[in-house]
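Welcome! Take a moment to look over the fold below, and then let us walk through it together.

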Amino acid sequence: MNALAGTSRNFRLASRLLGLDSKLEKSLLIPFREIKVECTIPKDDGTLVSYVGFRIQHDNARGPMKGGIRYHPEVDPDEVNALAQLMTWKTAVADIPYGGAKGGIGCSPRELSKSELERLTRVFTQKIHDLIGIHTDVPAPDMGTNAQTMAWILDEYSKFHGHSPAVVTGKPIDLGGSLGREAATGRGVVYATEALLAEYWKAVKGLTFVIQGFGNVGSWVARLIHERGGKVIAVSDVTGAVKNPNGIDIPELLKYKEATGSLKGFSGGDSLDPNELLVHECDVLVPCALGGVLNKENAADVKAKFIIEAANHPTDPEADEILSKKGVIMLPDIYANAGGVTVSYFEWVQNIQGFMWDEDKVNKELKRYMTQAFHNIKTMCQTHHCSLRMGAFTLGVNRVARATLLRGWEA
């Protein structure tokens, strides 16, 4: 089942639980606007090349739309649609005043020079500048884009609209980016994990963790869990996997990866078949990489008691059912990885006020939002007698539906 079908299925189940009107349900699924533009740039050798850029703006009932821009060769409209929709529910779960959007350009960023990427970003911005904006749609980085990409969008947008730092988030600190943004998704995952474990009278300290993915999110999750006294006993990324039953020395592993670009050959642990990682013996499993990694083939063999979905869609619906029957507690992606968009919201707030916060304030506010959201999800679970995933979806969908009705959607 692809991302769009999975998200839409969860939405429909939530709307049944909430007893939403079928016309309203249909209206909430249809995106507000889909934009598709041609971006033609001269390459460094002087030849012209064209790319297709697009932006799907899903819903703006609760505020300006928010979501990433990805540069990737296989940018599939269905997937982007699902991710835009997911952002609508995610921002509602976190209770930040945004709707959902997603976009990108179908290109291979690794095959383009820096100046080609800059030209492409600027042309894309020229084509969509009147459809994004501080109070309309606020893009952010995603796969294949970064703080530099946001700096180019900000500069190009500002040529048309005057200096507008709040038009994108995930910017470099020097251009109005927020302290703590880099670690935000990983830190949010850890706060979410702490909130969940507290329900079971447990803490991070002394539990064993397995982390799949050691990019931005995975490496921060590992670092913060290690600092809190949790034992990270296995880690993997595209380069390989490492295990150590006594706990991996995360600061050493980070140094090693920084130096070699790989996890292979790290002396502080034994190598492990990356496919074995997900079914490794542990208390808490944290998938931080790709979607669909837990499926009907491996779900029955998972030994973790808790799964924290730091990636988007790591669990197939089939796996979801198998794991639920086994009594595994799953913290859904729509809540678990909302730390990134929450700190993006803080960045936007700081830019609008023209007043920047220190990192402690950012982290303190992030903890407050993540903890509050968890308690709101638990309340929905008790009201509707449902799983944490459905608790999160009903919470998000209900907030968007209420805002839509209050604004008078039939008028």
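Let us begin with two helices: α6 (residues 184–199) packs against α12 (residues 339–353) at an angle of about 120°, and their axes lie 7 Å apart. This is a predicted model, in which local features need pLDDT of at least 70 and side-chain atom pairs count only at pLDDT 80 or more, while totals for chains, interfaces and linings use all residues. Residues are numbered from 1 along each chain as its sequence is written, and side-chain values use heavy atoms, with hydrogens and water left out.

**How helices and strands are named**

- Helices (H or I, at least four residues) and strands (E, at least two) are DSSP runs, numbered from the N terminus.
- Axes are lines fitted to C-alpha atoms, for helices over the stretch in contact, and angles run from 0 to 180 degrees between N-to-C directions.

**Helix pairs**

- Two packed helices are described by the angle between their axes and the distance between the axes.
- α6 and α12 are therefore oblique to each other; angles under 35 degrees count as roughly parallel, over 145 as roughly antiparallel, 65 to 115 as roughly perpendicular and the rest as oblique.
- The crossing of α6 and α12 is right-handed (left-handed if the near helix is turned anticlockwise from the far one by less than a right angle, right-handed if clockwise).
- In α6, A184, T185 and G188 meet G339, G340 and V343 of α12; contact means heavy atoms within 4.5 Å.
- For α3 (residues 77–93) and α14 (residues 388–407), the axes come within 8 Å and cross at roughly 95°.
- The helices α3 and α14 are therefore roughly perpendicular to each other.
- Among the residues that meet here are L86 and W89 in α3, and F393 and V397 in α14.

**The seven-stranded sheet**

- Seven strands form an open sheet with mixed pairing, in the order β9-β8-β7-β6-β10-β11-β12; two strands pair if DSSP finds at least two bridges between them.
- β9 (270–271) and β12 (329–331) stand at the edges with a single partner strand each, so one side of each is left without a neighbour in the sheet.
- Strand β8 (residues 240–243) pairs with β9 in the antiparallel sense over two bridges, and K243 stands opposite D270 in β9.
- Helix α6 packs on this sheet, where it touches β6 (208–212), β10 (284–287), β11 (306–308) and β12, and its direction makes about 155° with that of β11.

**The five-stranded sheet**

- Another open sheet, of five strands, has the order β1-β2-β4-β3-β5, again with mixed pairing.
- Its edge strands are β1 (33–42) and β5, each of which pairs on one side only.
- On average, neighbouring strands of this sheet are turned by 20° against each other, direction ignored.
- Strand β2 (residues 48–59) runs antiparallel to β4, joined by six bridges, and G104 in β4 is the bridge partner of F54.

**A look at β3**

- How many residues of strand β3 (residues 65–71) are buried? Seven of its seven residues are buried (buried means under 20% relative accessible area, exposed over 50%, partly exposed in between, with a 1.4 Å probe and protein chains only).
- β3 pairs with β4 (residues 99–105) in the parallel sense over five bridges, and Y71 stands opposite I105 in β4.
- β3 also pairs with β5 (residues 137–141) in the parallel sense over five bridges, with V138 in β5 as the bridge partner of K66.
- Together, β3, α3 and β4 make a right-handed β-α-β unit (right-handed if, with the strands pointing away from the viewer, the path from the first strand over the helix to the second runs clockwise).
- Helix α3 lies across β1, β2, β3 and β4, and runs at about 150° to β4.
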